[in-house]
Amino acid sequence: QVQLVESGGGLVQAGGSLRLSCAASGRTFTTYAMGWFRQAPGKEREFVAAISWSGASLYTDSVKGRFTISRDNAKKMVYLQMNSLRPEDTAVYYCAARLGALGENGYRYWGQGTQVTVSS
């Protein structure tokens with residue numbers, strides 16, 4: 001069982017940066033791949049980025065070169081550094097966990113979400 005709590009969302013101007021954090025509970029954090037997803041108003045939730053226990057990462061094309069996912073296994077934390085933000089990045093961002101390998105789906109545990117709003 002993993003519980004996830006996101007923080008760090010907010011309002012930022014286009015071109016700005018935000019860093020999202022996700023605090024995880026549970027004793028087996030290193031057995032989980034961690035991911036970030038987002039859901040914009042009126043749209044389906046979409047994959048953003050994921051990271052394996054060892055640090056291998058995966059990104060959706062629209063954020064490559066702008067977003068960086070990282071994790072600190074000792075602190076049970078996952079981060080999403082978002083640079084060069086665009087209005088189309090506006091969404092609720094969710095942290096998620098899945099057992100085993102890196103992937104874009106199959107996430108079992110979810111946080112409550114944090115709002116990111118990018119103004120033009």
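Ala, Val, Leu, Ile, Met, Phe, Trp, Tyr, Cys and Pro count here as nonpolar, Asp, Glu, Lys and Arg as charged, and the others, Gly among them, as polar. By these classes, the lining of the largest pocket holds 8 charged, 3 polar and 2 nonpolar residues. The model is predicted, so local features need pLDDT of at least 70 and side-chain atom pairs count only at pLDDT 80 or more, while totals for chains, interfaces and linings use all residues. Residues are numbered from 1 along each chain as its sequence is written, and side-chain values use heavy atoms, with hydrogens and water left out.

Of the 13 residues that line the largest pocket, Arg-38, Ala-40, Lys-43, Glu-46 and Glu-88 lie nearest its centre.

Elsewhere the subject is aromatic rings. Rings of Phe, Tyr and Trp (its six-membered ring) pair if their centres lie within 6.5 Å, and planes under 30 degrees apart count as stacked, over 60 as edge-to-face and the rest as tilted; by this rule there are 5 aromatic pairs. In one of them, the ring centres of Phe-37 and Tyr-107 are 5.1 Å apart and the planes stand at 75°, so the pair is edge-to-face. Because Phe-37 belongs to strand 4 (residues 32-39) and Tyr-107 to the loop between strand 9 (91-99) and strand 10 (109-110), this pair ties together parts that are 70 residues apart in sequence; strands (E, at least two residues) are DSSP runs, numbered from the N terminus. Both Phe-37 and Tyr-107 are buried, that is, under 20% relative accessible area with a 1.4 Å probe and protein chains only. Ring pairs also link Phe-37, Phe-47, Tyr-107 and Trp-110 into a cluster.

Technical notes:
On a 1 Å grid over the protein atoms alone, a cavity is a set of points where a 1.4 Å probe fits but cannot get out, and a pocket is an open set with protein on both sides within 12 Å along at least five of seven lines; lining residues have an atom within 4 Å of a point. Helices (H or I, at least four residues) and strands (E, at least two) are DSSP runs, numbered from the N terminus. Buried means under 20% relative accessible area, exposed over 50%, partly exposed in between (1.4 Å probe, protein chains only).
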